[in-house]
Amino acid sequence: MGALPIANHIRRLRFEAGEMTQSDLAEAIGMTRQTVAAIEAGKYSPSLEAAFRIAHVFGVKLDDVFQWVE
């Protein structure tokens, strides 16, 4: 199985948020750092709730974080 059809900008958003760590983001959304790392690397698709939580942490819309790639 290849890459997931969902791209994300989590790494860029973390950098723009004062170089927030994966651990900081994980704590803010109630997940583990390993899960955040897997989502960021495109190895795991977050639940809809987790995706909204991530967008909320950065104060952006969901589609500013995640995009469907065809």
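Modeller: Let me begin with Glu49, which is partly exposed, with a relative accessible area of 49%, and please keep in mind throughout that this is a predicted model. The partner of Glu49 is Arg53, and the two side chains meet in a salt bridge with an N to O distance of 2.4 Å. Both residues belong to helix H4, which covers residues 48-58, and because they are 4 residues apart there, about one helical turn separates them. Arg53, at 39% relative accessibility, also counts as partly exposed, since that class lies between the limits of 20% and 50%.

A search of the whole structure finds 3 salt bridges, and another of them joins the side chains of Arg12 and Glu16, at 3.1 Å from N to O. Arg12 is partly exposed, with a relative accessible area of 38%, whereas Glu16 is exposed, with a relative accessible area of 52%.

The remaining pair to describe is Arg14 and Glu40, whose side chains meet in a salt bridge at 2.8 Å, N to O. Arg14 lies in helix H1 and Glu40 in helix H3, so this pair ties together parts that are 26 residues apart in sequence. Helix H1 runs over residues 10-16, and helix H3 over residues 33-40. Arg14 is buried, with a relative accessible area of 12%, and Glu40, at 16% relative accessibility, counts as buried as well, because the limit for that class is under 20%.

Apart from neighbours within four places in sequence, Arg14 is in contact with Glu19, Met20, Thr21, Gln22, Leu25, Glu40 and Phe58. With Met20 there is a particular approach to note, in that the side chain of Arg14 reaches the backbone oxygen of Met20 at 2.6 Å. Seen from the other partner, and again leaving aside neighbours within four places, Glu40 is in contact with Asn8, Ile10, Arg11, Arg14 and Gln22.

Key
Residues numbered from 1 in each chain as written. Predicted model: local features only at pLDDT ≥ 70, side-chain atom pairs only at ≥ 80, totals over all residues. Heavy atoms only, no water. Helix = DSSP H or I, 4+ residues; strand = E, 2+ residues; numbered from the N terminus. Polar contact = N/O pair within 3.5 Å; in protein donor to acceptor, adjacent residues only side chain to side chain. Contact = heavy atoms within 4.5 Å. Salt bridge = Lys/Arg side-chain N within 4 Å of Asp/Glu carboxyl O. Buried < 20%, exposed > 50% of the residue type's maximum accessible area, 1.4 Å probe, protein only.
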